[in-house]
Amino acid sequence: MKNFSNKTIIITGATSGIGQALAFKLTQLEANLILISRSEEKLNQLHEQLSKKTSNQIHVYAADLSNRTACQTVFKKVIRNHSQIDGLINNAGLGIFESAHLTQTNDIDRMFKLNVYAVIESLKVMIPFFQTQTFGHIINIGSMAGKMATPKAAVYSATKSALIAYTNAVRLEIETKDLLITTVNLGPVKTNFFKQADPDGGYQKSVARYMLTADQVANAIIKNLFKRKREINLPWWMAIGAKLHHQFPTLIEKLLNQQFNKK
């Protein structure tokens, strides 16, 4: 079993879903954690739970990452308070499923602010830190939707496509032997994400047999932490579908039309 007792890892969106699963699993592996989320109350509850399981350091920072100023401020505070940071997992994200022309302007802004701008603002602070330190691993949570857009996810897909493109460009700029960057592209995951994305639960029911669990995703991320890995794509068969779509878009869209329209 891995041991991360000499590692300090930042997790955003830490109080639920994939972020929370990562926090518990990395605590078991003796990592020191820096947890960032919007709710101070939930962070304190999580801190209390994790502190019972480890003697390692657990630090919490409450911040609304969708606010660009607040995002930069909290990351600047983190690097002032911690001399070594080994990993950053940009997990916080938001999705709302709606037809393109019906998506509310406020919802468009919310998705771009959290899914794209928050990552950019975090890395404006963290890239110089990691470069000075000369090592680190940045992991950005993307989506299969960023590789293969589907109906009622036009804006969400656009945010994740932007994130993938941004991450790829950053990789070309900064990656070295010891400074790594990875994108995690996921199909549907059974988390609170769908409380906003799919409030009536119809989409979740239609894809229930395909859904990943937060634990499955967390395990895959931890398996590849501090290893050179361009992308983690889950589930594997959806990644193959995305590659085929890239090569034969019209054919795949015809063949998978019914599947694409499950939202």
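Throughout these close-ups, "buried" means under 20% relative accessible area, "exposed" means over 50%, and "partly exposed" is whatever falls in between. The model itself is predicted.

**View 1. The sheet, strand by strand.** Seven strands make up an open sheet in the order β3-β2-β1-β4-β5-β6-β9, paired in parallel fashion. At the edges sit β3 (58–62) and β9 (231–234), each of which pairs on one side only. On average, neighbouring strands are turned by 15° against each other, if you ignore direction. For a closer look at one pairing, take β2 and β3: five bridges hold this parallel pair. Within it, L35 has V60 of β3 as its bridge partner.

**View 2. Helix α1 against the sheet.** Residues 17–28 form α1, which packs on the sheet and touches β1 (8–12), β2, β3, β4 (87–90) and β6. Compare the directions of α1 and β1 and you get an angle of about 160°. The helix has 12 residues and spans 17 Å from first C-alpha to last, close to the 16 Å expected at 1.5 Å a residue. Which residues of α1 are buried? They are I18, G19, A21, L22, A23, K25, L26 and T27, so a lysine is in the list along with the rest. Just past the end of α1, E30 takes a positive phi of about 70°.

**View 3. F75 and the largest nonpolar core.** This core counts 36 residues, and the members touching the most other members are I10, I36, L65, F75, I85, M126 and F130. At least two residues each come from β2 (32–37), α3 (68–81), α4 (105–133), α5 (154–174) and β6 (179–186). The top contributor is α4, with 10 residues. Zoom in on F75 and set aside its neighbours within four places in sequence: what remains in contact is I10, T12, I36, L65, L88, N90, S122, V125 and M126. There is also a second, separate core, this one of 32 residues, with L35, L46, I141 and A220 among them.

**View 4. T167 on helix α5.** Helix α5 lies across β5 (136–141) and β6, and runs at about 160° to β6. T167 is found in this helix. Is T167 buried or exposed? With a relative accessible area of 0%, T167 is under the 20% cut-off and therefore buried. Its contacts, leaving out neighbours within four places in sequence, are N140, I181, T182 and T183.

View 5. How do the two ends compare with the cut-offs? R68 has a relative accessible area of 40%, which lies between 20% and 50%, so R68 is partly exposed. E121 comes in at 5%, under 20%, and therefore counts as buried.

**View 6. K124 and E121, within one helix.** K124 and E121 also meet through their side chains in a salt bridge, at 3.4 Å from N to O. Both residues are in helix α4, and because they are three residues apart, about one helical turn separates them. K124 has 48% relative accessibility and counts as partly exposed.

View 7. A search of the whole structure turns up six salt bridges. One of these joins the side chains of K177 and D178, with N and O 3.7 Å apart. K177 is exposed, with a relative accessible area of 68%, while D178, at 41%, counts as partly exposed.

**View 8. Helix α8 and the residue pattern along it.** Residues 214–224 form helix α8, where the buried positions are A214, V217, A218, A220, I221, I222 and N224. Just after α8, F226 takes a positive phi of about 65°.

How values were computed: Residues are numbered from 1 along each chain as its sequence is written. This is a predicted model: local features need pLDDT of at least 70, side-chain atom pairs count only at pLDDT 80 or more; totals for chains, interfaces and linings use all residues. Side-chain values use heavy atoms; hydrogens and water are left out. A nonpolar core is a set of buried Ala, Val, Leu, Ile, Met, Phe, Trp, Tyr and Cys residues joined through side-chain atoms within 4.5 Å. Buried means under 20% relative accessible area, exposed over 50%, partly exposed in between (1.4 Å probe, protein chains only). Helices (H or I, at least four residues) and strands (E, at least two) are DSSP runs, numbered from the N terminus. Contact means heavy atoms within 4.5 Å. Two strands pair if DSSP finds at least two bridges between them. Axes are lines fitted to C-alpha atoms, for helices over the stretch in contact, and angles run from 0 to 180 degrees between N-to-C directions. The expected span of a helix is 1.5 Å times one less than its number of residues. A salt bridge is a side-chain nitrogen of Lys or Arg within 4 Å of a carboxyl oxygen of Asp or Glu.
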